Structure formats: structure tokens, C-alpha cells
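Trainee: I would like to go through the helices and the terms used for them.

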Amino acid sequence: MTKLFTPFSIKGVTLKNRVGMSPMCTYSAYEEDGKVTSWHKVHYGARALGQVALVMLEATAVSTQGRISPQDLGIWSDEQIPGLSELVDVIHANGSIAGIQIGHAGRKADLKEPIIAPSPIPFNDNFQVPQEMTIKQIEETIQRFKDGVQRAKKAGFDIIELHGAHGYLISEFLSPITNKRNDEYGGSKEKRFLFLEKIVKEVKDIWSGPLFIRLSIEEYQDDGNHPEDMLYYVKKLKEQGVDFIDCSSGAITPVPPPTFPGYQVRFSDFIKNNGDIPTSTVGLITSPVQAEEILNNNRADIVFLGRELLRNPNWPIYAAKELKADIQIPHQYQRGWL
Ligand SMILES: Cc1cc2nc3c(=O)[nH]c(=O)nc-3n(C[C@H](O)[C@H](O)[C@H](O)COP(=O)(O)O)c2cc1C
């Protein structure tokens, strides 16, 4: 029996296998209204048909100012709920669990409108200098995360993931590189946590399903957060009732992470085994044997695939064949796999 094709259950939601689609922006809300298009339905539906157990939508913005690009998906308006709901139906109808990553781009918003961040430090010369958020803007943004989660719930998502990684707004508050505030939201590790702590508190009031958070476990700079620092946050998040940590790394600054097959597995391993919380890993995982190694050595509970699933939406079916796992192939495609 392969571990990759055993189910994984969390808070009453069961994934039929351990393959997840990593959230990936597709910049395909062409009308710049943040709404789901037919393209999204085909794109995510194809991965569900390909037997990816958890289809996690791309970073979906809680406000127009929180978009990475004008073509991002959005969850800032009730008008966006019907399209998201139809997308959930497509994913469910094809046998997969639907997750959504909810986020705010902070200083990494590539927009014409003014952008905001904990401190007025630009990401690089190509980005605007962000406005330092006022307390009022911080409070409004916490409310926007709550409203976004409420809409995701109405749309029928099974799993909600807060985007706390890659130098977007939440991770900008967590990181000493990007958060130079002198008020209650900056300074010590505990104060840098307050923004995320308040978001989670508000979200937990209205969402009792599985709550995931994606975090950059290593920031690859001496003055940034490292796994021990992130473990401190993870323990606090666990106390607050966060269920799962989606472990990624980097992108706080333009410094590229050193990449190699499985380059982030050590982070999910560290957080899972020291934080006593389920985790996922991601990053240059392309072979079924690699995924088996990670799961069997207890280094993660789910394996997320990013670019490999852009190349091959049917990766889980190929993996099942290679690992000799007996899986249900959609009946319309069975003759293709004889
Ligand atoms: C086109 C593209 C878009 C991405 N968008 C997101 C995103 O919306 N949210 C996120 O957390 N990570 C995003 N990522 C990072 C991926 O989720 C993943 O962590 C990364 O690509 C490493 O995994 P891989 O080697 O399997 O691709 C994106 C990556 C790519 C290639």
C-alpha cells in the first residue's frame, strides 16, 4: 500500500489521497473584476479530473488594493460569490475537495493604486513605496479577511487557507525585515504576530472547518525569520485553533532561495515534528517515489505540487500506475489507461 494514495482526514473533511494542488496565481480574471471565468473552471476542474485530492485555489484577494495584479481572483465583494460557488461545484462534481487561499499582497501589489504595508519599504525598485498602514487601515484589513472567509464559506469551500507566506501582507507583519513599526503591531516577535493573531481570532468566530495557513518557514536572510522563529508562531497559531501549516519559504525579499528537489521538505518536517501539527510540503517535487519518501518518513502529511501540475494535470493517475496503487479513474477515461 502506498502512503500517497491513503486518505487524509482533517476536521471531518477527507482527501482521497495526499496530493494537493499548490495555490498558483493564474492572472485570469480578465475583466479586472476578480470574478471567476470559464477558464478557471476548466483549469481547476481538469486537476480534479486528474485525481488531485485537494484543489487549492490561487491567492484570492480580500480587497482591490490587496491584489498582486489587476487580473487576480477576488473575494472582496458578494458579487464574486456565485462564480466561486460554481467553481466549487465543478471541483466537487469531479471528486475533489475545494480549498481557497485568501490573501492580501501588501507591498508586493503590482497595481496603479496606492499600496499598503506595515512599513514604507518597497520590495525593490520596480515596486511602489507602500504607505505605512494606519491602525484604522490595519483594523479594516483584519475585517476584510473575516469578510473574505465569510464569502468563501458561502461559496461552499471545504478548506480555507490564509496566505501568510512569500512576503505578502501577513508575512510582512511577521518578518523583522519588512516590519519596522514602533506600535503594538511591530517590534518584538509577539507584537509582529498581533496582526495575524487578530485575523485568526476573527476568522475562528465564523469558520469551524479546516483552517490552513501557508508560512515562509525560512526567509534566507540573517536578519529574517528562521524555522525556530516560525515554530514560535506555529505554536501560537495551534493554540488559536489553526489546524494545518502549509510550509513554504522565501520571497520576503528578492533574494532567491537555493532550489533543488524537495528544497522545502526540511521545513515541513521541522514544523510537523516540533510543532505537533499536520503539515504539507511543496517545491520541486515531481516524482511519485519522492512523494512516498516524504510521507513515509513522516516529513509531511500532504504533498503539494505546483509547476508539475501545470505540466501534467493527470500526475496522480501516472503516480498511481507507477506505485501500483488501485485508484478510481473517471469512467470516461478508463479505456485510455488500460
Ligand atoms: C505561476 C505560479 C503562481 C504561484 N502563485 C502562488 C500563489 O498564488 N500562492 C502561493 O502561496 N504560492 C504561489 N506560487 C508558489 C507555488 O504554490 C509553489 O509553492 C512553488 O511553485 C514551488 O512548488 P513547485 O516546485 O511544485 O512549483 C506560485 C508559483 C507559480 C509557479
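Trainee: How do you know that the span of helix α1 (residues 38-49) agrees with 1.5 Å a residue?

Mentor: This is a predicted model, in which local features need pLDDT of at least 70, side-chain atom pairs count only at pLDDT 80 or more, and totals for chains, interfaces and linings use all residues. Residues are numbered from 1 along each chain as its sequence is written, and side-chain values use heavy atoms, without hydrogens and water. The expected span is 1.5 Å times one less than the number of residues; for the 12 residues of α1 that gives 16 Å, and the end C-alpha atoms are 16 Å apart, so the two agree.

Trainee: Which residues of α1 are called buried, and what covers them?

Mentor: Buried means under 20% relative accessible area (1.4 Å probe, protein chains only). H40, H43, Y44, G45, R47 and A48 are the buried residues of α1. Their cover includes β3 (19-21), β4 (54-61), β5 (73-74), α2 (81-93) and α9 (307-311).

Trainee: Why is α6 called oblique to α7?

Mentor: Helix α6 (residues 227-239) and helix α7 (residues 265-275) pack at about 50°, with axes 10 Å apart. Angles under 35 degrees count as roughly parallel, over 145 as roughly antiparallel, 65 to 115 as roughly perpendicular and the rest as oblique; therefore α6 is oblique to α7.

Trainee: What is the handedness of that crossing of α6 and α7?

Mentor: The crossing of α6 and α7 is right-handed, meaning that the near helix is turned clockwise from the far one by less than a right angle.

Terms used. Helices (H or I, at least four residues) and strands (E, at least two) are DSSP runs, numbered from the N terminus. Buried means under 20% relative accessible area, exposed over 50%, partly exposed in between (1.4 Å probe, protein chains only). Contact means heavy atoms within 4.5 Å. Axes are lines fitted to C-alpha atoms, for helices over the stretch in contact, and angles run from 0 to 180 degrees between N-to-C directions.
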